[in-house]
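Subject: Handover of a structure and what was found in it

Dear colleague,

Please find below the sequence and the structure that I am passing on to you. My notes follow directly after them, and I would ask you to read the two side by side.

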Amino acid sequence: MDQHDITLTVNGQRVQRRVAARMHLVDFLRIELGLTGSHLGCEHGVCGACTIRVDGVALRGCLMLAAQADGCNIETIEGLSDSGAIADLQDSFHRHNALQCGFCTPGMLASAAELLERCPMPSREQVREHMSGNYCRCTGYHAIVDAITDVAEQRQKGNAA
């Protein structure tokens, strides 16, 4: 089997491994590093459950090979959560009941964080559009949109103070 040596930074930690050429990045994170917060759903990049950040951009971990991540900076839900960067989003999702089973939640949070970085005060329609690549079977999207727009409003108030 074809193997590749890779070096990448995952949640601030430098990682070196030998990986199979066809190993997907999300499988590498889950199996090799034990970072199981990013979930494997459709394996076609459609559901968004495997959303992670690669060099600051939210991407589908099931569509990228681990070997392609050589030299990249990867942030998983564990890193975003541990850093406190999404604490307000996590709290808002909880308050608005924007999560139930939790399977989609890590991908939702990673996508929402990217949206709020790019567009600090998105309209409800912009939230819906940005989040349209993340599927949720449990909650319906109204609560998710509420949670994200609430964080945007709270952050705006905090910046104005």
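Thr76 is buried, with a relative accessible area of 1%; here buried means under 20% relative accessible area, exposed means over 50%, and partly exposed lies in between, for a 1.4 Å probe and protein chains only. The model is a predicted one, in which local features need pLDDT of at least 70 and side-chain atom pairs count only at pLDDT 80 or more, while totals for chains, interfaces and linings use all residues. Residues are numbered from 1 along each chain as its sequence is written, and side-chain values use heavy atoms, with hydrogens and water left out.

Thr76 sits in the loop between strand E5 (73–75) and helix H2 (77–83). Helices (H or I, at least four residues) and strands (E, at least two) are DSSP runs, numbered from the N terminus. The side chain of Thr76 makes a polar contact of 2.8 Å with that of Asn11. A polar contact is a pair of N or O atoms within 3.5 Å; within protein, one must be able to donate a hydrogen and the other to accept it, and residues adjacent in sequence count only if both atoms are side-chain atoms. Not counting residues up to four places away in sequence, Thr76 touches Val10, Asn11, Leu29, Leu35, Ser38 and Ile52, where contact means heavy atoms within 4.5 Å.

Asn134 is placed in the loop between H5 and H6. Which residues does Asn134 contact, leaving aside its neighbours within four places in sequence? They are Cys47, Gly48, Thr51, Arg60, Gly107, Met108, Ser111 and Tyr141.

Next, the sheet. Its 5 strands form an open sheet in the order E2-E1-E5-E3-E4, with mixed pairing; two strands pair if DSSP finds at least two bridges between them. Strand E2 (13–20) and strand E4 (57–60) are at the edges and have a single partner strand each, so one side of each is left without a neighbour in the sheet. From one strand to the next, the twist averages 40°. Axes are lines fitted to C-alpha atoms, for helices over the stretch in contact, and angles run from 0 to 180 degrees between N-to-C directions. Strand E1 (residues 3–10) pairs with E2 in the antiparallel sense over 8 bridges, and Thr9 has Arg14 in E2 as its bridge partner. Helix H1 (residues 25–32) packs on the sheet and touches E1, E2, strand E3 (51–54) and E5; the direction of H1 makes about 110° with that of E2. Helix H4 lies across E3 and E4 and runs at about 45° to E3.

The buried residues of H6 include Ala143, Ile144 and Asp150. These buried residues of H6 pack against helix H3 (87–95), helix H4 (105–118) and helix H5 (124–131).

The salt bridges come next. A salt bridge is a side-chain nitrogen of Lys or Arg within 4 Å of a carboxyl oxygen of Asp or Glu, and by this rule the count comes to 9. Arg53 and Glu75 meet in one of them (3.4 Å, N to O). That pair links distant parts of the chain, with Arg53 in strand E3 and Glu75 in strand E5, 22 residues apart. Arg53 is buried, at 5%, whereas Glu75 is partly exposed, at 24%. Glu117 and Arg53 also form a salt bridge (2.9 Å, N to O). Glu117 lies in helix H4 and Arg53 in strand E3, so this pair ties together parts that are 64 residues apart in sequence. Glu117 counts as exposed, at 51% relative accessibility. Another salt bridge joins Arg95 and Asp150 (3.1 Å, N to O). Here Arg95 is in helix H3 and Asp150 in helix H6, 55 residues apart. Asp150 is buried, at 13% relative accessibility. Through shared partners, salt bridges join Arg53, Glu75 and Glu117 into one network.

Yours sincerely,

A colleague
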